[in-house]
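Please look over the sequence and the structure shown here before reading on.

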Amino acid sequence: MVTTRKRFGAGRTFGLVLVAVAVLAALLSLVWTPYDPLHADPAARLVGSSWQHWMGTDELGRDILSRIMDGARLTLAVSLAAVAGSALVGVPLGVLAGMRGAAGRGGGVVMAGADLLLAFPALLLAIVFTAVFGASMWVVILAVGIAGVPGFIRVARVGTMQIMHQDYVLAARISGVAGWRIALRHVLPNIAPIITVQLSVAFALAILAEAGLSFLGLGTPAPYASWGRMLQASQPFLATSPHLALWPGLAIALTVLGFNLLGTGTERRAQ
């Protein structure tokens, strides 16, 4: 048991390091990058790793390291906005469904809505929104945010139903404490650990969704540096310049791994 906890603790620490690197790269890009991420230099196009360009240059001669840093900012910002929207909508609805379910009245309407949303994945929503609004990062935020709501509803509902059966909550209800006070005072503080785990998992899924949608041309438009957009632009050059796909692919994989390890470690620690 101790060995298992140490293993998960080490995994959580490693995940935290990976996430911290991505966040630091994103924050640093606000004030400094080795080169202008949007500056094209045709004379230096498709150059491999060198002292001048540690990760090489892309098909337009733009520095890949600078674009990876700038892409971290854009990818994490889009994912953060989408996950925050999902949580702000899903958690209150899940708590409401759990409290009404525990009281015998049921949260059928909320859960029916959550089940309905499951029929509309992020890709389908992005296609619809793109047809209406055009490709942009707001399309990705809306699509990923809406698709993530059911996950928060389900997690918050299960956690709330467990809390509502506790003696101190039953005593508060018998004493006539208002439902919203019970939610704020007893439910939300106690379900915070599982919501934190869901946030970490949702963030990893949002990064993958953003990358996939941008890869398909439904997300952030060129020339802005999104990791998914960089993967899309690398496709014609994979045979001759595989480094174009290597670095954004690693950035996506390691950042997603970091959030998953962080979530898994947090869950084990909470148990």
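Where does leucine 46 lie?

## A residue in a loop

Leucine 46 lies in the loop that runs between helix 1 (2–29) and helix 2 (64–102), where helices are DSSP runs of H or I with at least four residues, strands are runs of E with at least two, and both are numbered from the N terminus. Although leucine 46 is not a glycine, its phi is positive, at about 55°. Most residues other than glycine have a negative phi. With a relative accessibility of 23%, leucine 46 counts as partly exposed, the class that falls between buried (under 20% relative accessible area) and exposed (over 50%), computed with a 1.4 Å probe on protein chains only.

## Basis of the model

This is a predicted model, in which local features need pLDDT of at least 70 and side-chain atom pairs count only at pLDDT 80 or more, while totals for chains, interfaces and linings use all residues. Residues are numbered from 1 along each chain as its sequence is written, and side-chain values use heavy atoms, with hydrogens and water left out.

## The protein as a whole

The secondary structure consists of nine helices and zero strands, and the C-alpha atoms fill a box of roughly 75 × 50 × 30 Å along the principal axes. Of the 271 residues, 44% count as buried. Among contacts (heavy atoms within 4.5 Å) with a separation of 6 or more, 70% are accounted for by residues 24 or more positions apart.

The protein exposes about 14,000 Å², and 70% of this area is supplied by carbon and sulfur atoms; the areas come from the Shrake-Rupley method with a 1.4 Å probe, and for residues only the protein chains shown count as cover. The mean positions of its 18 positive and 10 negative charges are 18 Å apart. Here Lys and Arg count as positive and Asp and Glu as negative, without His and the chain ends, and each charge is placed at NZ of Lys, CZ of Arg, CG of Asp or CD of Glu.

## Aromatic pairs

A search of the whole structure finds two aromatic pairs, for which rings of Phe, Tyr and Trp (its six-membered ring) must have centres within 6.5 Å, and planes under 30 degrees apart count as stacked, over 60 as edge-to-face and the rest as tilted. Phenylalanine 129 and phenylalanine 133 form a tilted pair, because their ring centres are 6.3 Å apart and their planes stand at 50°. Both lie in helix 4 (residues 122–133), four residues apart, which is about one turn of the helix. Phenylalanine 129 is buried at 16% relative accessible area, whereas phenylalanine 133 is exposed at 58%.

The pair of phenylalanine 203 and phenylalanine 259 is stacked, with 4.6 Å from centre to centre and 10° between the planes. This pair links distant parts of the chain, since phenylalanine 203 is in helix 7 (residues 179–215) and phenylalanine 259 is in helix 9 (residues 243–270), 56 residues apart. Phenylalanine 203 counts as buried at 12% relative accessibility, and phenylalanine 259 counts as buried at 9%.

Aspartate 70 is found in helix 2 and is buried, with a relative accessible area of 10%. Leaving aside neighbours within four places in sequence, aspartate 70 is in contact with Ser29, Pro37 and Ala225.

Helix 8 (residues 227–234) is mostly covered, with six of its eight residues buried; among them are Trp227, Arg229 and Ser234.
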